[in-house]
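Reader: Could you walk me through this structure? I am new to it and would like to ask about a few things as we go.

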Amino acid sequence: MPRAARFCLPWFVSLLFCCPALNAEDVKVREQAVTLLERANAASLIAGFRDYEQVVTFTFHDLLNGTNKAGTFSRTSAGSDGRRDEFTYADYHAATAVAGNRQSTTRASNEPPEIIELLDQLPIYLGRFDDKDVIRSIEDSNVFGRAANCVNFETHLGTGVQANQICVDVERGTLLRWKVGDDLIENSDFFPVAQLWEPGHIRHFVRGALRLEIEQRITRTSVPVDVNAFSPPSGTWQEWWRCEDRRRPVGVSMPMPPPGTAGTAVVDVVVRGYILDTGAVRPTIIVSSLRPDLNDEAMKLVATWRFAPLMCNDKVAATIGDFVVHFQGR
């Protein structure tokens with residue numbers, strides 16, 4: 001169940017295959033489920049919407065030591081013409097401005113990985129069904145006091161099967177709940193922005209524990225945003241370009257964990273992170289895992305991988321990727 005197109009490694013293709021017998025589903029039920037999720041995208045997808053200001057406060061809950069860290073994020077947007085973003089998180093502060101083909105940023109490659117997690121949730125986490133998802137049923141429910149249609153479906157990952165559910169507001173069409181694998185996202189307190197609806201309150205749980213809590217407001221600006229008035233956060237502008245001539249990263253060293261002794265079954269753990277312009281990998285978060293006890297090992301292993309980096313218009317560049325680690329007999 002993808003959210004957006006991202007760079008993926010060759011072995012990510014292995015996730016696309018599963019037993020046809022498991023995929024049996026009612027075509028009309030799938031049609032209804034797809035329509036519900038597309039309606040949720042139409043209700044809240046802010047891409048293409050311009051001239052707005054977004055103000056966000058957020059709190060990350062450390063699931064290991066129980067500490068909390070708060071931060072803020074703001075965006076002034078002129079749609080495709082440009083934007084200005086500012087981040088504050090504990091003692092970290094950064095800003096990025098984009099105006100036409102110019103960009104200036106103080107964000108660094110060693111920024112807290114929580115920044116990527118935050119941006120992944122804003123202004124709302126949306127997705128689409130794909131061929132790994134098998135729709136089982138759609139039931140009427142009530143979520144946060146709103147009448148909802150809840151889609152129950154399974155996602156096939158290698159030899160594992162996830163039981164998942166998404167719930168869509170009957171009246172507004174907005175996505176109220178996203179329960180996929182270890183992740184539960186709850187969206188509430190929706191407010192209108194022109195013809196869209198965005199959540200004022202977001203909670204992200206991982207394996208039942210609260211990981212991230214977000215409060216946000218988005219308002220249209222009274223006059224069109226002038227990106228030429230943006231000042232460069234780094235003090236200078238850099239010209240950026242579209243990647244017209246692209247060579248994807250090429251793996252140099254991508255070791256898999258040693259097999260265990262518990263049979264031949266394979267468990268996949270999907271790690272998201274950066275392939276830096278040096279070819280080094282910096283993992284950030286676990287995207288999917290049926291075995292949380294293997295997550296730390298997967299993160300540490302992916303951090304040792306090396307690539308010939310992305311080439312974009314004859315220059316090396318960093319990119320984001322999903323890395324699949326296969327654990328056999330574990």
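Reader: Thanks. What share of the residues in the chain is buried?

Author: Buried residues make up 46% of the 330 residues in the chain, where buried means under 20% relative accessible area with a 1.4 Å probe, counting protein chains only as cover. Please keep in mind that this is a predicted model, in which local features need pLDDT of at least 70 and side-chain atom pairs count only at pLDDT 80 or more, while totals for chains, interfaces and linings use all residues. Residues are numbered from 1 along each chain as its sequence is written, and side-chain values use heavy atoms, with hydrogens and water left out.

Reader: OK, and how many helices and strands are there?

Author: The chain has three helices and 22 strands, which are DSSP runs numbered from the N terminus (H or I of at least four residues for helices, E of at least two for strands). Its radius of gyration is 21 Å, close to the 20 Å that the globule rule gives for 330 residues, so the chain is as compact as a globular protein of that length. That radius is taken over C-alpha atoms, and the rule is 2.2 Å times the number of residues to the power 0.38.

Reader: Back to the inside, then: which residues have the most contacts in the largest nonpolar core?

Author: They are F58, F129 and I166, in a core of 38 residues. Such a core is a set of buried Ala, Val, Leu, Ile, Met, Phe, Trp, Tyr and Cys residues joined through side-chain atoms within 4.5 Å. There is also a second, separate core of 14 residues, which includes V269, A298, F307 and F323.

Reader: Where is F58 found, and what does it touch?

Author: F58 lies in strand β2, which covers residues 52-61, and with 3% relative accessibility it counts as buried. Leaving aside residues up to four places away in sequence, F58 touches, among others, F73, Y89, L118 and L212, a contact being heavy atoms within 4.5 Å. The C-alpha atoms of F58 and E215 are separated by 6.3 Å, although these residues are 157 apart along the chain.

Notes: Buried means under 20% relative accessible area, exposed over 50%, partly exposed in between (1.4 Å probe, protein chains only).
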